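Hi,

Here is the structure I promised to pass on to you. Have a look at it first, and then read my notes below.

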Amino acid sequence: MNRGKIPVAEYHQVANRFNPTKYDPDAWVKMAKDAGMKYIVITAKHHDGFALFGSRASRWNVVDATPYGRDLLKPLAEACRKYGMKLGFYYSQAQDWNNPGGAASRKVTSEGWANPDSARIDAYTTEHKGHWDPAQTTQTMGEYIDKVAVPQVKELLTNYGDVAVLWWDTPTDMTDEYASKLNALLALQPNIITNDRLKRPNFPGDYKTPEQKIPNLSELDGKDWETCMTMNGTGVSRHPITTGRRPLR
């Protein structure tokens, strides 16, 4: 969406075709268990702002915006409890390209494809902190944090039982004030662990997350770590497989 500079209204239409009727979280978790996995982290909301759970904070979610109309995380949480699998949630706390006020990490149009409007679009994103659609900037980031990010994280930490991991990502334009509001919610899950991506450097989390490489010891400072290593060659979807010295026991 960012690289192609897809307008918000156009992107919303894609949800009309999302209907995962063959979704079988019981089979997913059983397979993971049989493979020896100890935990699962699912992308609850990525940078496009679309939530895989029912949310009162934004109608841009699987329950309200798709023909499927059901929460995808609840049955996954039930299956994890059934098989003794720890469950974690990835949540894009800062970047959100559909809910107004969310941050956008600037990408030039050539990272998607060049077009006759590339120069104009690149100039616009420079002036608007990476945003390419006026619909993205009708509210401030502070309003987005208070109205969407904070309530959605609270929903994730209260509606699905025990949560083992909260996997933040890309603290674009985050401030200590914003991070403090989100960090305070972790008290809802006393045993939870988090990574180092809420906001650097004052919110280091419990473990480091080197990306697309196995780190050397000098990079780790003796901390637990988890490598984000892609299963394909694109480097775009970064989180399908992880390894490392983990704090989960």
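This is a predicted model: local features need pLDDT of at least 70, side-chain atom pairs count only at pLDDT 80 or more; totals for chains, interfaces and linings use all residues.

Let's begin with the strands. There is an open sheet of 4 strands, in the order β1-β2-β3-β4, and the pairing is parallel. β1 and β4 (193-194) are at the edges with a single partner strand each, so one side of each has no neighbour in the sheet.

If you want to trace the pairing yourself, start with β1 (residues 39-45), which pairs with β2 in the parallel sense over 6 bridges. Two pairs of residues to look for here are Val41, which stands opposite Gly88 in β2, and Ile40, whose bridge partner in β2 is Leu87. Moving on, β2 and β3 also run parallel, joined by 4 bridges. For that pair, find Tyr90 and look across to its bridge partner Trp167 in β3.

Is β2 mostly covered or mostly open? Strand β2 (residues 86-91) is mostly covered, with 5 of its 6 residues buried.

Before you look at the helices, here is a handy rule. An α-helix has 3.6 residues a turn, so residues three or four places apart point the same way.

Now try α4 (73-83). Its buried residues include Leu73, Leu76, Ala77, Ala79, Cys80 and Tyr83. Around the axis they cover an arc of only 160°, which puts them on the same side of α4. Turn to the other side of α4 and you'll find Arg81 and Lys82 exposed. And what covers the buried residues of α4? The cover includes α2 (25-34), β1, β2 and α6.

Helix α7 (residues 176-184) can be read the same way: Tyr178, Ala179 and Leu182 are its buried residues. Looking down the axis of α7, you see these buried residues within an arc of 95°, so they line one face of the helix. Glu177 and Ala184, on the other side of α7, are exposed. Among the elements that cover the buried residues of α7 are α6 (141-158) and β3 (165-168).

**Empty spaces**

Last, the gaps. Rolling a probe the size of a water molecule over the atoms shows where empty space is left.

The second largest pocket has a volume of about 290 Å³. There are 15 residues in its lining, and those nearest the centre of the pocket are Lys86, Leu87, Asp162, Val163 and Ala164. The largest share, 3 residues, comes from α4. By class, the lining of this pocket divides into 9 nonpolar, 3 polar and 3 charged residues.

How many cavities of 30 Å³ or more does a search of the whole structure find? The search finds 1. The largest cavity holds about 30 Å³ of space. Its lining is made up of Arg3, Gly4, Lys5, Thr109, Gly112, Trp113 and Asn115. Sorted by class, the lining of the largest cavity has 1 nonpolar, 4 polar and 2 charged residues.

Cheers

Definitions and conventions:
Residues are numbered from 1 along each chain as its sequence is written. Side-chain values use heavy atoms; hydrogens and water are left out. Buried means under 20% relative accessible area, exposed over 50%, partly exposed in between (1.4 Å probe, protein chains only). The arc is that of the directions from the helix axis to the C-beta atoms. Contact means heavy atoms within 4.5 Å. Two strands pair if DSSP finds at least two bridges between them. On a 1 Å grid over the protein atoms alone, a cavity is a set of points where a 1.4 Å probe fits but cannot get out, and a pocket is an open set with protein on both sides within 12 Å along at least five of seven lines; lining residues have an atom within 4 Å of a point. Grid points are joined across faces, edges and corners, and a volume is the space filled by probe spheres set on the points. Ala, Val, Leu, Ile, Met, Phe, Trp, Tyr, Cys and Pro count as nonpolar, Asp, Glu, Lys and Arg as charged, and the others, Gly among them, as polar.
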